[in-house]
Amino acid sequence: MRSVVSAGRRRKAVNHSASVVFSVTAVLRLVVLSRSNAPAARRLCAPIGEEQGRSLSDSCVSSHHSYTGLHDGGSEGSGCAVARVDAEPALCRRRCPLAMAMTRFERLLGLLLRAAVRLFLAVFELFAAQRGTAEEPRLPPISNPLLRVPAIQLARQIRRKEVTSVEVVQAYIDRIQEVNPLVNALVKDRFAAALQEAAQVDKLIEEETGGEDVLEDRLPLLGVPVTVKEAFALQGMPNSTGLLSRKTVISVVDAPSVALLKRAGAIPLGVTNCSELCMWLESHNHLYGITRNPYNLGRIAGGSSGGEGSIIGSGASVIGVGSDIGGSIRIPCFFNGVFGHKPTSGIVNNAGQHPPPSGQQPGFLCTGPMCRYAEDLMPMLRIMAGPAAEKLSLSAEVDLRNLRFFSVPHDGGSPLLSPVDPQLIQAQKKVVERLEADLGVKVKEVRIPQLKYSFQIWGAMMSSPGKDGKSPTTFSELMGGGQRVWPVWELFKCMLGLSSHTVAAIGLALVEMFQSSHPSQFILQQKESLQRELEELLGTDGVLLYPSHPQLAPKHHQPIFTPFNFSYTGIFNILGLPVTQCPLGLSVEGLPLGLQLVAGKLQDRLPLATALYLEKAFGGWRDPGDRANTAGNTLNTPKSSIRNTSVTTVNLLHRVERQHLK
């Protein structure tokens, strides 16, 4: 524990020095960003970065793509907004001369930007290293077998009196008390109340005369523990979202999604940490501190639902509630090696969380499940969606062999984002190979050039006025609780260690000062083109493989230097598409690998079914305390092959549903 405390002090000292380099980095990136927002008449091709850009430079951009061009490389005059990778380069250039319109100035800016980030990052790491090199402790392995059982199976065992709810809840309380001093994920518990509720569950089961089926139908999660992101209202629990000014705010009611889970019999254990105001990809604030990654305590747990990701990845929770407006479910699930699902927009009620969305943001914010096991995703989604679940046809058969699969290895090389880690590219290739070998499908690799505008699209839409013409509440206003905070003054205070806000929050407020509330016509065209292309591509039977993030879980505070990498997830919030994050084993550093599974609107069952298959193929979540899960244990397939069972099963996920949840 002493090493953990000393490490925390080192990181706090580093936090102040990072404020200066963040400002410089943000300004440099804003220069490039402003160039990228130029009108379409001046530029239809954004800067293409390094090795990823070379593979895309032979593709061309068109806002009037013919779907057949995806398969035949494009016909004369059709363009190829979604281009096949084997399209003839010279032919593509002749048909789309604007693909050569990238200026030397933009290339130079991209190179300077990446060089500056590398330099600042090197200085940052050197400064951090001077504060000690003590080895980070590791989490203890899971010893209680109850902690390795999916939630739906736990509920069944409790109903059948094979185990009591009190035993299950106590097992998770013990695990939380064991690992939370290391990861700092759960920020407020309700253990005493949870044990009382578990005892009531056991009494109810003893007195039930209608049989197990009656309980399963009324209370599918009866007696199962759950954790909740602190940004959601959970009666009797804090709801500060990491703001010091809200530290006394206690929820008096439950958020609708939380209430539905409790009504289904789930027992909340407490609330988990998040980033300040849920707008950063590291869960860190001055109220609760910083949350750590269970696979490496020196790495981030992600954000903004990082507390949920960390506590679930640690084996101290089996299911949880998260929210996602730019990847806040998927990024923490990726970094912590667990499953998460961002539903189709508008399916799950978003009420009861802080801060409330404004402008067009209600259409981008999603509430969804975070789970250690894939089979728990659909039952949780069904419960959290309430009556709206009928729109998703979750009980419909899904034959993975009849789906069309597509793979996009990267965004096309935006200079604002980091290149995709080679291990993530290789992991995605392994998934393609496994799908083709097991299911007999052909996975088509495609390039979608509009994806390199993901951040510009996300930023423009997030700051756009709503249907009522009102602009969204600014981040600086949210920081001040309704009164605008002056970010330059807060930055000065932060350098002196006097600000009540994190460097990341101040930096976001600074960036906001340079953003326009009226997106350029060019960016709007790119958004509409991308929306149209993906909807045509995916239809009602398509699944797209796409990286969850360009990097493995970074070290603490490093996202300050790469603030736009969340765009790999954020773009799908704008498009309103359902996305499932799926773990794929561990990297050579022992960090989780993963990818996103994207489907068309209201086709949530497709990525959920695919995630269940990939869990069986690649092993799903790995115990971070297990010494077998060490560096180099990459993409190991379970010893028991699933080839025979997976191919002959018409609907893997539906079979689990029939067994465990009506």
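Reply: Helix H15 (residues 454-462) packs against helix H19 (residues 521-538) at an angle of about 105 degrees, and their axes are 9 Å apart. The model is predicted, so local features need pLDDT of at least 70 and side-chain atom pairs count only at pLDDT 80 or more, while totals for chains, interfaces and linings use all residues. Residues are numbered from 1 along each chain as its sequence is written, and side-chain values use heavy atoms, with hydrogens and water left out.

Helices (H or I, at least four residues) and strands (E, at least two) are DSSP runs numbered from the N terminus. Axes are lines fitted to C-alpha atoms, for helices over the stretch in contact, and angles run from 0 to 180 degrees between N-to-C directions. H15 and H19 are therefore roughly perpendicular to each other; that label covers 65 to 115 degrees, with under 35 roughly parallel, over 145 roughly antiparallel and the rest oblique. On the H15 side the contact (heavy atoms within 4.5 Å) is made by Gln456, Ile457, Ala460 and Met461, and on the H19 side by Ile523, Leu524, Gln526, Lys527 and Leu530. These residues divide into six nonpolar, two polar and one charged. Nonpolar means Ala, Val, Leu, Ile, Met, Phe, Trp, Tyr, Cys and Pro, charged means Asp, Glu, Lys and Arg, and the others, Gly among them, are polar.

Now the rings. The structure holds nine aromatic pairs. Rings of Phe, Tyr and Trp (its six-membered ring) pair if their centres lie within 6.5 Å; planes under 30 degrees apart are stacked, over 60 edge-to-face and the rest tilted. Phe334 and Phe335 have ring centres 5.4 Å apart and planes at 45 degrees, so this pair is tilted. Phe334 is buried at a relative accessible area of 1%, and Phe335 is buried at 0%; buried means under 20%, exposed over 50% and partly exposed in between (1.4 Å probe, protein chains only).

For Tyr373 and Trp621 the centres are 6.3 Å apart and the planes at 75 degrees, so the pair is edge-to-face. Tyr373 lies in the loop between strand S11 (366-371) and helix H13 (377-385), and Trp621 in the loop between helix H21 (605-618) and helix H22 (643-648), so the pair ties together parts 248 residues apart in sequence. Both Tyr373 and Trp621 are buried. The charged end of Arg372 sits over the ring of Trp621, 4.9 Å from its centre (cut-offs: NZ of Lys or CZ of Arg within 6 Å of the ring centre and within 35 degrees of the ring normal).

One aromatic cluster is formed by Phe455, Trp458, Phe564 and Phe566.
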